[in-house]
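Please keep the sequence and the structure at hand.

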Amino acid sequence: MTEIWVKNACVIDPIRGINGEIMDITIRDGRIVESVSDRADVIDAQRCLTLPGGIDSHTHVSGTKVNFGRYMSPEDMRAGRTKRKGKMHVTSGYYVPTTFGNSYRYSAMGYTTLLEGAMAPLEARHTHEEFTATPHQDMLANTLFDGNWAVMDAVREKDIRKTAAVVAWTLKAARGYGIKLTNPGGTEAWGFGEDLTGIHEMVPHFAVTPAEIITTMIRANELLKLPHSVHLHCNNLGKPGNYQTTLETFDIVPDLNPDRQTLYATHVQFHAYGGGTWKNISSKAEEITRSVNSKPQIVMDMGQIMFGRTMTMTADGPMEFNLHCLHHNKWSNHDVELETGSGIIPVTYSKKSAVNCIMWAIGLELALLTKNPYQCLLETDNPNGAPFVKYPEIIGLLMSKRYRDEECATLATGVEQRTSLCALERELDWHDIAVMTRAGQAKALGIINQGKGHLGIGAEADIAIYPIRTDSVDPAREYRKVVEGFQKTRYTIKRGRVVSRDGDIIVDGANATFWVDAKVPEDLRMENDPEFIKRFEQFYTVRMSNYPVQDVYLPRGRRIETEVFT
Amino acid sequence: MIEHDVVCPFCGCLCDDLELVCEGGKIVKVQNGCALAESTFMNDVRLPSPIRRTESGWEDISYTEAIKETAEILQGADRPLLYGWSSTHGEAQSIGVHIAELIGAVIDNTSTVCHGPSILAIQEVGHPGCTLGQVKNRADVIIYWGCNPIEAHPRHMSRYTTYATGFFVPDAQRERTVIVVDTRRTDTAGIADEFVQIEHSGDYAVLSALRAIVRGKASVIPAKVAGVSKEQLIRIAEICKTAKFGAIFFGLGLTMSRGKYKNIRNAIELTDELNRHTKFVISPLRGHGNVYGSNEVFTWMTGYPFAVDFARGIAFYNPGETTAVDILRRGECDAALIVASDPGANFPRAAAAHLAKIPTVVIDPHVNATTALSRIHIPCTAAGIDAAGTAYRMDGVPIRLKKVIDRGYPDDAEILKKIYDRLNGGKEL
């Protein structure tokens, strides 16, 4: 039995309605309990800011394309490397660090749970292998369905139950957590080098539209009672004028779930562009947030970009090729049979580029213009917009108008007219930040009842104690202190053990992987469906029996079972 | 008893549809496999126990002794090299990396003598590729360049390309155009619709010529390029540009001939160019069953796919300096652990000769040419025969190798873990 008694913590726990109370937290065997014995290890938090462990609900840290980002980038591996130290393994890389690098750096920032944004089911085993080597965070995997042939067939037949059955079978086979759609339909079109330009355009050869895929998958998701909603990377990412597509998409989303959103729209900054060319691109953050503010069924994340070099990586293969044609840097592409695509290119976001400056402003505008912080979560689509180690700077920018003004003064000319950022007075408070970095994520992902994102009795003891005294720091003026404070916790506690102290990992990790075993009626089990089996054996290049991820790949798998639908 | 859907661990195709007939703990028949698969499963002759070289020959030793002595050799070395890894599973590779990190060794895999140049090219210009099922279902143009899959990857054409029935290519033989580019007329060339015979070392020039034609600059091309007529080059470029989906596969004929990684870079840039007209992909034909897995495991753990040097405490990578062949040829390395590969048969003579001079330990199920250069050989399971574990197909698809029979050997991962624990003062990994 291990016990910890955290004393004098200044707790913000939005899910429980606690906002800056000085209190004690008691932990036994990995969970938060009413009280502990006097033999408990005592941590004196000294009235420092204490939050539930950070949760990243959209990051790229594990799996085929992330590893390919490393593989093709020795220049980045050199850019961030540390020696073996105590319990810490060697790490390499800055914007696509090695698995240990990701895990240590997230832990130092107080993050204890991560959702990998995109896992192709055929390559799921790889993602899970890397999860095991990312030891200090619990992991979840968004599972890609955007170009899934069996799904598109069921959508064409307008068969929601069949769609749900395919999803359930695939999630279980991949040990995935939720449904991810990346440029739905577009990744299939990219199989022959094409893309789609709107949500009502037909996917070649499949006679379905992105709109039909999105709405049917939303219905299937709710039929299956999945903890998370459909998680969407909209069509037309990164194209000037694409905000129209984004708004059209938001407009077709029904409000179906009282406990959470019905659609999680990811990295919306990349989908909020006005204009028609790179010359006249402008911010449409006001239009996007007006829509989101009136639609409780939608949660988005920022997809903030930060200046500097990074790597873009996404299942959106055609988008990456377009980007490659602009940047002329190295380009990798990896389409996955019957399922999805992917692409990778390095980019540098520069303050000298008006386009990049507008992108930077849009992400912040989205966060500042969204009324309810539960509807706009803080992310960079790591590493697409910026590596996650930039999160503290983003927090600083959101909390300080002065910091934003100082940054705005250094941007390329002409940016002020094409965004409204400079006019926004709003400064987020500590509570807003706690929502946007953990409580909101826990709610959006549906893991509050798994004991995530809050510090109530029975919750998993995932806790971040930052060296910040909220009673003595004025974030509007002392934003540097805010940024530094969020870069390195004093303590990161993961499932009741102190894993990180002042930035150093001090124990071996033992993470868990959450996955969803969605139940379907007997007659809808795809493993018994002769047509599904026949097509599988004909068109995949692995046998159906060799496809599912074996339990051995999830040494600490946490299965979430759903109720059978009727 | 028949085992279904068995994965053949031999080459990078990782065909997973084999049927093995097992009787009395032995594999007696291999169905669906190629000749290489049959040999892999049927001619599996191993040492009964670890052996150590003596003044006059070899002596049997226990596993405990062999592990203890291996740990001592590595512990006492100033510049240890851990090499191989490509015929075992990821679980063993991962422990190998941990050992290298712990003792400050150089760890390298067989890419160093096969597709290392492809990796260097990819690090310069990227890699437009896909899984093999994309090719099977979509490709109407297949190019084999500097490789001979009929001999080296015998089922590549029937499972993934030329003869494979795909969703958009229901009549494979009729609907696919196969182009073979090589310096000699191989068996694979025999089935080509278009055979392009290049003069030795002419690949780079031919790739450049094709790029120029695809870019609309045919007028600058001379009548012949490295023995290939301009007419044929223009014809090939046209076939590629008008393909619905084209796929280039290349082998060591391109990576290890004159130009090396620049050849691959040129081929990738041709592919890139073709994507401005249609869909095109390119992929190396990887040799060892899990060589791609060794690249993957090394990469997520260290940041680099091969040739990783931990001597400075950090992971350092500089092919040409930290590659196994170079470290051996310079005589720099003073102890070597060779796992699941045969550098004795594949390395340049000077590098192999140095292995014989230093204490070399082999952990491999089979006696091979490296055994003759070694001090100790520790037999173990063979991944995919009597050990389960992860392997990555040549296109990055991870597949679980199965344990089909039990022969009573320890898993190489288990042996390596014991070595690690000894090196770590008894503390477990």
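## Basis

This is a predicted model. The values below are computed from it.

## Overall build of chain B

Chain B contains 18 helices and 22 strands. Its radius of gyration is 23 Å, close to the 22 Å that the globule rule gives for 429 residues, so chain B is as compact as a globular protein of that length. The C-alpha trace spans about 70 × 50 × 35 Å along its principal axes.

Burial was counted over the 429 residues of chain B, and 60% of them count as buried. Sequence separation was also examined. Take the contacts in chain B between residues at least 6 apart in sequence: 67% of these join residues at least 24 apart.

## Helix H3 against helix H14

Helix H3 of chain B covers residues 90-103, and helix H14 of chain B covers residues 291-302. Their axes come within 9 Å and cross at roughly 40°. The crossing of H3(B) past H14(B) is right-handed.

## Residues at the crossing

H3(B) contributes B:Gly90, B:Gln93, B:Ser94 and B:Val97 to the contact. On the H14(B) side they meet B:Gly293, B:Ser294, B:Val297, B:Phe298, B:Met301 and B:Thr302. By class, this contact has 4 nonpolar and 6 polar residues. It has no charged residues.

Methods. Residues numbered from 1 in each chain as written. Chains lettered and ligands numbered in written order. Predicted model: local features only at pLDDT ≥ 70, side-chain atom pairs only at ≥ 80, totals over all residues. Axes fitted to C-alpha atoms, helices over the stretch in contact; angles between N-to-C directions. Helix = DSSP H or I, 4+ residues; strand = E, 2+ residues; numbered from the N terminus. Left-handed = near helix turned anticlockwise from the far one by under 90°. Contact = placed C-beta atoms within 7 Å. Nonpolar A, V, L, I, M, F, W, Y, C, P; charged D, E, K, R; others polar. Rg over C-alpha atoms; globule rule 2.2 N^0.38 Å. Buried ≥ 20, exposed ≤ 12 C-beta atoms within 10 Å, placed from the backbone.
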